[in-house]
Amino acid sequence: MAGSDVQDDLYRNKLWLETPLIRSVHISSLLQCNVYLKLETLQPCQSFKFRGITHFVEHALRIHGPDVRLIIASSGNAGIAAACATNILKLRCTVYLPHGVNRSAIDFMRKEGAEVVEEGTCYPEALERARAALQAEPKALLIPSYDNPILWEGYASMVHEIKDQLPANVKPDAIFCSLGGGGLAGGVIEGCKAVGWDDVPLVTVETHGSNCFYQSLSLNEGPFVGDLTSRSIPAGTRAVRVAEHDVTVAHLSCLTSRATSLGASRPSAAVVKKALQRQGGVRSVCVPDEMAMQAALNFAEDHKMLLELACSSTVSLAYKRTVFDKLVPRSEGKGPANVVLIICGGFKVSLEDLHAYKRIVEANIAAGGEWDVACNGECFAVPKV
């Protein structure tokens, strides 16, 4: 069966939208290459999570029938995606949130018919409550946040779309995406493998203070510079060996980044393994919150769209050419590079947030100095302006 036929069969009843892939004239001009934006902000729940979670919910309906109750713990975007998906399919849904999630996100879930329970002060406490509810109801099923092959299969669909949407015979020189627990990256890796792009470099982006994937790669033999035994484990991080996948993952005791949608305390061990094994490798990058804030402001000015910090962290690398050129080196005689940025979206952003970002960035610039960016164990200073 041909690859396109497999794709059509796999995604025959998809609920997600095929989102546009547009060439950004603003960023392309800045970087002197072709930069394409995959606009997952245009999904019904305003984030990429709609792909994986609807794929999982459809699977649950086929296996467990219409009486199943879907339960999910979330800090916002995954809960919204679950509420949207279950509303379309007329299934019951309960979302467990930690206290502090903004009211507009809660209202969105309720408008989609979900029951919302606020429990605990952080995501792990909400997850614990969700698991307890799962035990109390025989027909309940827990929707995973990021560590599940069905989710990755849904997210992989965007790579199939990207291949069809790029100009004829164009293969990316790199794909950029943000990363929390690794669900999106797992989907991109699987999608690249399916379309013959396993050799395309993947650039994953996190923020300092919420970088469990970066720290996990550092704990394993792989792309990071230096000898494994010479790499120190930061305070507040615990190294845990996962025998099933033969990798070590980082468990973070505290998350300090404002990019709350990247707020996983540990990544998927399976995705860490995929990243370490892929032919094109992974360039794992960490940026400061303020650099992501500056990118959100620049992107809003250039493209008239609001981005969560979790999303603008990816874009931040495209607004700093000195960083970008390290990640996507120029090839003599090859012509301009072709790069895809996955604009993963997210509901947790407002005009008020952008005003706050502006104040924070201006104060940070006024304080002087440079921003520290890390990539695969190397650190370099980036001018703020």
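Which residue is the bridge partner of Cys286 in S13? I found Ala374. I note that this is a predicted model, where local features need pLDDT of at least 70, side-chain atom pairs count only at pLDDT 80 or more, and totals for chains, interfaces and linings use all residues. Residues are numbered from 1 along each chain as its sequence is written, and side-chain values use heavy atoms, with hydrogens and water left out.

**Sheet.** I looked up the strands (DSSP runs of E, at least two residues; helices are runs of H or I, at least four; both numbered from the N terminus). I read an open sheet of 8 strands, in the order S1-S2-S12-S7-S8-S11-S13-S14, with mixed pairing. To pair, two strands need at least two bridges found by DSSP. S1 (21-23) and S14 (378-382) are the edge strands, each pairing on one side only. Strands S11 (residues 282-287) and S13 (residues 371-375) run antiparallel, joined by 2 bridges.

**Helix on sheet.** I checked contacts (heavy atoms within 4.5 Å). Helix H7 (residues 149-165) packs on the sheet and touches S1, S2 (34-39) and S12 (338-343).

**Helix on helix.** Next I took H3 (residues 49-64) and H7: their axes come within 7 Å and cross at roughly 130 degrees. Axes are lines fitted to C-alpha atoms, for helices over the stretch in contact, and angles run from 0 to 180 degrees between N-to-C directions. H3 and H7 are therefore oblique to each other. Oblique is what remains after under 35 degrees (roughly parallel), over 145 (roughly antiparallel) and 65 to 115 (roughly perpendicular). Among the H3 residues in this contact I list Phe56 and His59; the H7 residues include Tyr155 and Met158.
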